[in-house]
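Welcome! Open the model in your viewer, switch to a cartoon view, and let's walk through it one selection at a time.

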Amino acid sequence: MAASTKVLALESPTQTGEWTVVLPRKGRHRRNSRKITIVKGQQQEQQPWVPTDLEIDPDRQSKLMHKIQACMKKIENSQFFLAVLDQMQIPKVLNHFHRVLGSESQLQMVIYGIGSIESHETPRLQLSLALLMKRKFSWIGDIEVFDPVLSATESQVLEDLGCSVLSLNEQGRREAKKSTLFFMPHCEAELYNNLLQANWGVESLNRIALFGNSFETYEQHVSFKYYDQEVSLMNSSVAESVTHILAARRFIDEFRIETISDDYFAAFHDSSWHFFKLGCENELQLN
């Protein structure tokens, strides 16, 4: 099902700045310091959206379709894809998918923050994996996609591939009123946090399967040891953007994605499947 990208007016989400937390390691020298970057100041309201360029370029459209088809073929024939499929079908993971599905026959897929699929290979690889998963599993349903950087040409190619391009910038705040697979590799922490906040209830969270950055890694980055003293960033303004991510760690089953090959490291490193296991509202305390 393809949705039109023609809507009310142009809106461009703004970013007023970002915080970067550098996590120092033990020793006198800082080597390969690990970083977590959290963008601040994004508008939180859902806004109508259309691409900033309104014309579709047929030549670019054809070239981009060819690139995506080549990416799909590359992944489909890779050990990485076989490993992803195997992981999705091991009993523990498959049971989670069945639980999220409940009485429904399909999981809707929502892709947030895919980036420019025309300009970079990494987004094309990520999109290709999503499309191949849908092709492989009949229980994965329609795919909706949104990123404010998408051009009119990219939007048309996505629709040609059978996806729907959203005409609303939801800021990640989609309430899961039905069983939903959120596919969000390498999104900003604030986007995951928005998603969790919008679904911060037992029924909604239990209807979600999430493919995205490892929440365990966020927890390790925000609370770490330095010179044998525990340093916590939980009260800083930076940590506000990961409040729900950290709280959700108490009731998540997380399954790491193995990239297998360097070809897929940039697109999928530190990625995981996340499933929420909630029995009562008391588990949703933020402190």
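You are looking at a predicted model, in which local features need pLDDT of at least 70 and side-chain atom pairs count only at pLDDT 80 or more, while totals for chains, interfaces and linings use all residues. Residues are numbered from 1 along each chain as its sequence is written, and side-chain values use heavy atoms, leaving out hydrogens and water.

Next, colour by burial. Of the 287 residues in the protein chain, 49% are buried (under 20% relative accessible area with a 1.4 Å probe, protein chains only; over 50% is exposed, and in between is partly exposed).

Now select Phe97 and Trp273. Within the largest nonpolar core, which has 79 residues, these two have the most contacts. Such a core is a set of buried Ala, Val, Leu, Ile, Met, Phe, Trp, Tyr and Cys residues joined through side-chain atoms within 4.5 Å. In soluble globular proteins, nonpolar side chains tend to be buried together. Leaving aside neighbours within four places in sequence, the residues in contact with Phe97 include Met88, Trp139 and Trp273 (contact means heavy atoms within 4.5 Å).

Ser272 is buried, at 0% relative accessible area.

Finish with the rings. The structure holds 17 aromatic pairs, meaning Phe, Tyr and Trp rings (the six-membered one for Trp) with centres within 6.5 Å; planes under 30 degrees apart are stacked, over 60 edge-to-face, and the rest tilted. Phe80 and Phe268 are stacked, 4.9 Å centre to centre with 25 degrees between the planes. This pair links helix H2 (residues 79-88) with helix H10 (residues 265-268), the two residues being 188 apart. Both are buried, Phe80 at 1% relative accessible area and Phe268 at 0%. Last, show Tyr192 and Phe215: their planes meet at 75 degrees and their centres are 6.0 Å apart, so the pair is edge-to-face.

How values were computed. Helices (H or I, at least four residues) and strands (E, at least two) are DSSP runs, numbered from the N terminus.
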